[in-house]
Amino acid sequence: MHQISTVPRSLWLILLLVLITPSEAGQRSDCFAVSAIVDADRCVNKCIPTQALGGAVDGHEKVWHWNPRGTWSDASHHCGYWTSDDSIREPINVSYGYRLPRRGNTIDQANDDGYSRITDGSEDSFWKSNPYLDSHFTGESDDAHPQWVVIDFGAIKPVNFIRIHWGTPYAEQYRVEYWTGDDPMHLQVDHADEWRAFPRGVVDHSSGGDRPFRLSERPISVQFVRIVMKRSSRKTTELSNDIRDRLGFAIREVDIGRIDSNGRFHDYVRHAADRYKQTIVYVSSTDPWHRAEDIDYNIEQPGLDFILTSELTNHLPILVPVGVLYDTPENAVAEIKYLLQRGYDLEGIELGEEPDGQWVSPEDYAALYVGAARRIRGLSPRLKLGGPSLQNFESHLLTWPDASGNRFWMNRFLSYLRAREAPFDFFSFEYYPFDNVCADAAPQLLKIPTRLSAMIASLRQDGVPSQIPWLLTEYGYSVFAGQPEVDIDGALFQADVVGSFLTQGGARAYLYGYEPNYLVDELKCSWGNLMMLQLNPKSEKLNRLSTYYGARLITKEWMQPTNSPHEIFSVAVDQGKPIASPLVTAYAVQRPDKQWSILAINKDPKHPAQLSVRFKFSDTQPPVPFSGKIDIIQFSRQQYVWRDDGPNGRPTRSFPPAYFRRDASSSYRLPPYSLTVLRGAPLQAKMRRSF
């Protein structure tokens, strides 16, 4: 705990000067006063920190060969639908992702280095929808899960003509529509835009091929066109007896534009095998069919046995993901069967791949979830299953309305599961609130609690049960790499998310970025990455980053590193005047050692705060302060400084939090841009409390 002993004497003197006496702080003109009242009479949550706080590993839009050993559905050609081997042999130490050659999306929410096969300019390639959404697997009607393709021209164009180059299977019934509003892929709750069919856009008896046809007499000005497909031909040209090759819909290319007065066709679709040169396409689902040659060595992940036998698990049960969108239920079942045979302790099985961020309809994802969940539950009724690992969203998670006008994604997903009595033992979502890593982080950090609170409130309104555990299965400053993630901003972000989530009833939070990594510049404006430890390309030395020290402060100082329950209490913070986004946030726990511990975050990058802390144990008695000796642990720019030097950026000061023990006071100084833990016993701490 007394980590200050490792700090050089010169820095020790600096740190002593930082923590000045309350009377001196009150005289500082640059300090602002803040009061925090802990509602110590009502516990709002309980957690065991060794179980509630963890780390996450992720990957998207790839088929995961969790075991490099396995079988192809078309073994002679090393292609088809892959199922990893569930037999027990030598440990699995490495695994790989595989690209999907029947991919439809231009944007993939991951490395974003692929491209859509619908607008790649090649008749030899094609997009195909997920065969597991066919009635053959769902048991529903043939048109229960219509599939769609959306084409974004990037600007408004006059459209009256289309040519769809169908693959097999093709759609026997389909319609072509246009969007009446601004952006159908990023909906807003107060906009009532809709898809409308072109006057001649409904086709009831198609025989495939690539016959062009007119959508309207006169061109209609549109930016987004949608093809909605119903009733598959269930035909294939593949030399295969696998039913999955005949299910769903396939499109090789699409041309959309107008016929001018001279009968000439003007195609507005840009065809290129390059994500940045082709017209952007979105699709409803993707066929997980692939080939041995599609292996992506850039998607190398540690094997299941490597992780589960290492110290990373802290010898505790783990939450294990299985593929749903970009994998098969057979491969998912094999994975869990393997883990059970190995005797690993599983906390739960997450069936989640950010379906909302992949533009999947709630009913489609629910159907895939149900198909996998029922098979996995058959392995053991004790397994806890949940999901769907929602991507971060603003205010409300919306989708296109169903027949009743319901636009709320999670509400419809849950309704589908309830109607089929599918297991749903926990709810999971992600939190990456800031897309702009190029902007100043300080104003964005102020929004963390309110934005997270708005997400949680929205999900509760949509019907997510409060009685099941809520899991924040990934969180980070941004989905893009940037300096705030490696500067001290990252530690402030981490602490605020954990404190806010647990105070609002969250069960578990998993920080993304446990693996050591290098700096990258995704948006060409800011070097950073989601990581706690920085790899050095010129040496084997690891740099400890701010989130590393932030994690230690949360788990070893604010909370007690033990398997015993902690009680969490809400804190009301007052800066003396109404403010939409407080500069200081505070979170309170009572630890198993009976100490009360306050985690205070000063998000003002320039000014210190003077924080008074009081505990309200009863409505009939005044709040009371800390008493006796207290521990003060602080992490600020006195301990951590990042040097922005492009790809050579690194911390020039990287020390553990400073530790002090002193008499309780009426207020405590919070340095600018800092984390502070105040730990001790308040007066009247033995009064009864209710949960």
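Biologist: Why is Cys-438 called partly exposed in this predicted model?
Modeller: Cys-438 has a relative accessible area of 42%. Buried would need a value under 20%, and exposed a value over 50%. The 42% of Cys-438 lies between these limits, so Cys-438 is partly exposed.

Biologist: What makes Cys-525 buried, exposed or partly exposed?
Modeller: The relative accessible area of Cys-525 is 40%. This too lies between 20% and 50%, so Cys-525 is partly exposed.

Biologist: How do you know that Cys-438 and Cys-525 form a disulfide?
Modeller: Their sulfur atoms are 1.7 Å apart. The limit is 2.5 Å, so the pair counts as a disulfide. A search of the whole structure finds one disulfide. Cys-438 sits in the loop between β22 (426-431) and α9 (441-445), while Cys-525 sits in the loop between β24 (508-512) and β25 (533-535). The two residues are 87 residues apart, and the pair links distant parts of the chain.

Biologist: Why is Cys-43 not counted in a disulfide?
Modeller: The nearest cysteine sulfur to that of Cys-43 belongs to Cys-47, and it is 9.3 Å away. A disulfide needs the sulfurs within 2.5 Å, so Cys-43 is in none.

Biologist: What makes Cys-43 and Cys-79 buried?
Modeller: Cys-43 has 4% relative accessibility, and Cys-79 has a relative accessible area of 9%. Buried means under 20%, so both residues qualify.

Biologist: Which way is the link of Cys-438 and Cys-525 turned, and how do you know?
Modeller: The angle about the S-S bond is -70 degrees, and the link is left-handed.

Biologist: Which residues touch the most other members of the largest nonpolar core?
Modeller: They are Met-410, Phe-413, Phe-427 and Phe-429, in a core of 109 residues. Helix α7 (residues 362-377) gives the most to this core, with nine residues. Another core lies apart from it and has 31 residues, including Val-203 and Tyr-268. In soluble globular proteins, nonpolar side chains tend to be buried together.

Biologist: What is Met-410 in contact with, beyond its neighbours within four places in sequence?
Modeller: Its contacts are Pro-388, Leu-390, Phe-424, Phe-427, Leu-459, Asp-462 and Val-464. Met-410 is also one of the buried residues of helix α8 (residues 409-419). After α8 comes Glu-421, with a positive phi near 50 degrees.

Biologist: Why is strand β23 (residues 470-475) called largely enclosed?
Modeller: Six of its six residues are buried, so the rest of the structure largely encloses β23.

Biologist: How do you know that β23 pairs with β22 and with β24?
Modeller: Two strands pair if there are at least two bridges between them. Five bridges join β22 to β23, and three join β23 to β24, so both cases meet the cut-off. Both pairs run parallel. Leu-472 of β23 is the bridge partner of Phe-429 and stands opposite Ala-509 in β24.

Biologist: Which sheet holds these strands, and what makes β2 (53-56) and β19 (318-322) its edges?
Modeller: The sheet is open and has seven strands in the order β2-β24-β23-β22-β21-β20-β19, with parallel pairing. β2 and β19 each pair on one side only, and they are the edge strands. β19 and β20 (residues 346-351) pair over five bridges, and Leu-319 stands opposite Gly-348 in β20. Helix α7 packs on this sheet, touching β19, β20 and β21. Helix α8 also packs on it, touching β21 and β22, and its direction makes about 160 degrees with that of β21.

Biologist: What makes the pairing of β1 (residues 32-47) and β27 (residues 566-574) parallel or antiparallel, and how many bridges are there?
Modeller: The two strands pair in the antiparallel sense over eight bridges. At least two are needed, so β1 and β27 count as paired. Cys-47 has His-566 in β27 as its bridge partner.

Conventions:
Residues are numbered from 1 along each chain as its sequence is written. This is a predicted model: local features need pLDDT of at least 70, side-chain atom pairs count only at pLDDT 80 or more; totals for chains, interfaces and linings use all residues. Side-chain values use heavy atoms; hydrogens and water are left out. Helices (H or I, at least four residues) and strands (E, at least two) are DSSP runs, numbered from the N terminus. Buried means under 20% relative accessible area, exposed over 50%, partly exposed in between (1.4 Å probe, protein chains only). A nonpolar core is a set of buried Ala, Val, Leu, Ile, Met, Phe, Trp, Tyr and Cys residues joined through side-chain atoms within 4.5 Å. Contact means heavy atoms within 4.5 Å. Axes are lines fitted to C-alpha atoms, for helices over the stretch in contact, and angles run from 0 to 180 degrees between N-to-C directions.
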